[in-house]
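Here are my notes on the charged pairs and the nonpolar packing. Please read them with the model open.

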Amino acid sequence: MEFKIDAIDSNARAATLKTDHSEIKTPIFMPVGTAAAVKSLDAVDLMNILDAKIILANTYHLYLRPGDETVKSFGGLHGFSGYNRSFLTDSGGFQAFSLGENVKFSDEGIWFKSHIDGSSHFFSPEKVIDIEYNLNSDIMMVLDDLIALPNTKERIKKSIERTTQWAKRSLIHHISKGAKNNLFAIVQGGVDFEFRKISAESLVETEIEGRSFDGFAIGGLSVGEENRVMYDTIEYTVPFLPENKPRYLMGVGTPEDIIEAIERGVDMFDCVMPTRNARNGYLFTSFGILRIKNAKYKLDSRPIDEKCNCYTCRNFSRGYLNHLFRAKELTYFRLATIHNLHYYLNLVSKAREAIINKKFKEFKKEFYSARN
């Protein structure tokens, strides 16, 4: 993997990240393709219509169904899905966290029961890496110990200690295999600045046989804390991360969250919000959220957003999309998802342009002033 800073405007960064499968201009938003598919879209939509350079898939879900060995037999995620650009795979730590009573954490790894059939499984740091090798993702996330917020200092302390140890085990295993995939570590610590510092520094200082992590993620946010607290935590954490490696904020979030995080020096994002909201009738626009199911759009011949040049806005009206949504036509999901993902991808592209032109502050001001 190659990573080069192209421009910096205050703390906001524009960079170029190259993997074996694509060149990625940052800041970048990664559409979520949990089961090797972005819901309602196919690889042609992602590549030819949206021009997405990287998407996210999930280790937990693909391990359970269809099975990572099955994906491997197709040549990994690229051959299996037909999407021949970059994949990042989450480790499954968040999915284990979300299982509630059906998961048990130990220092060795995570025991969990499948949400599909109730069968028991165990994820160790090494097991997760082996699954990700079978998936052959370009960027692999280490297994981490994610916790809900608020939480006790004792549990947060345990989380960062366990996450660091698991990351080191993952790196040792990765080196022993001699694989070319890239490995990112995950900084935890809740919203406690002391723990965030400890977590970040211990991961950044990790070096084994001359190898360190290829990038660093900020995890464990947007899990119950207030937005301002999340922004402050990001702002505090970022300076502990290397300037010459990618910084990834996991699972965040709204357009406002992304703009605020870019301003604080984050490069990469993912979130289910644009695709999930699309399916539920909430469409992102330059002026805020448009609720397409509202009766007032029944006879509206305008596109979703007159400032948008996405495939959907170029070809279809609010009135038609209102009809599709109310009629529960499957076509609606595709058209709405294309629009929302285009909005997110265009947002980070415009942010990059502003950074390069040293106008990010003005861009941010215009972004907020245009919203209802």
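**Notes on packing and salt bridges**

1. Start at Met 268. Leaving aside residues up to four places away in sequence, Met 268 touches Leu 17, Ile 28, Met 30, Ile 54, Leu 88, Ile 139, Phe 184, Pro 246, Arg 247, Tyr 248 and Leu 249. Keep in mind that this is a predicted model.

2. Met 268 belongs to the largest nonpolar core, which holds 96 residues. Within that core, Met 268 and Tyr 248 touch the most other members. Helix α14 (residues 330-356) supplies the largest share, ten residues. Nonpolar side chains tend to be buried together in soluble globular proteins.

3. Another core lies apart from the largest one. It has 14 residues, including Leu 283, Cys 308, Tyr 332 and Ala 336.

4. Now the charges. How many salt bridges are there? The count comes to 27. Side chains of opposite charge can pair when their charged atoms come close.

5. Take a pair within one helix. Lys 197 and Glu 201 form a salt bridge, at 3.2 Å from N to O. Both sit in helix α8 (residues 193-204), four residues apart, so about one helical turn separates them. Lys 197 is partly exposed at 32% relative accessibility. Glu 201 is partly exposed too, at 27%.

6. Glu 235 and Arg 264 also meet in a salt bridge, with an N to O distance of 3.3 Å. Glu 235 is in helix α9 (residues 227-237), while Arg 264 is in the loop between α10 (255-263) and β14 (268-270), so the pair ties together parts 29 residues apart in sequence. Arg 264 counts as buried, at 10%, because the cut-off for buried is under 20%.

7. Glu 263 pairs with Lys 364 in a salt bridge; their closest N and O atoms are 2.7 Å apart. This pair links distant parts of the chain. Glu 263 is in helix α10 and Lys 364 in helix α15 (residues 360-369), 101 residues apart. Glu 263 is partly exposed, with a relative accessible area of 26%. Lys 364 is buried, with a relative accessible area of 16%.

8. Finally, a network. Which residues are joined by salt bridges that share partners? Asp 107, Asp 145, Arg 155, Lys 158 and Arg 162 form one such network.

Terms used
Residues are numbered from 1 along each chain as its sequence is written. This is a predicted model: local features need pLDDT of at least 70, side-chain atom pairs count only at pLDDT 80 or more; totals for chains, interfaces and linings use all residues. Side-chain values use heavy atoms; hydrogens and water are left out. A salt bridge is a side-chain nitrogen of Lys or Arg within 4 Å of a carboxyl oxygen of Asp or Glu. Helices (H or I, at least four residues) and strands (E, at least two) are DSSP runs, numbered from the N terminus. Buried means under 20% relative accessible area, exposed over 50%, partly exposed in between (1.4 Å probe, protein chains only). A nonpolar core is a set of buried Ala, Val, Leu, Ile, Met, Phe, Trp, Tyr and Cys residues joined through side-chain atoms within 4.5 Å. Contact means heavy atoms within 4.5 Å.
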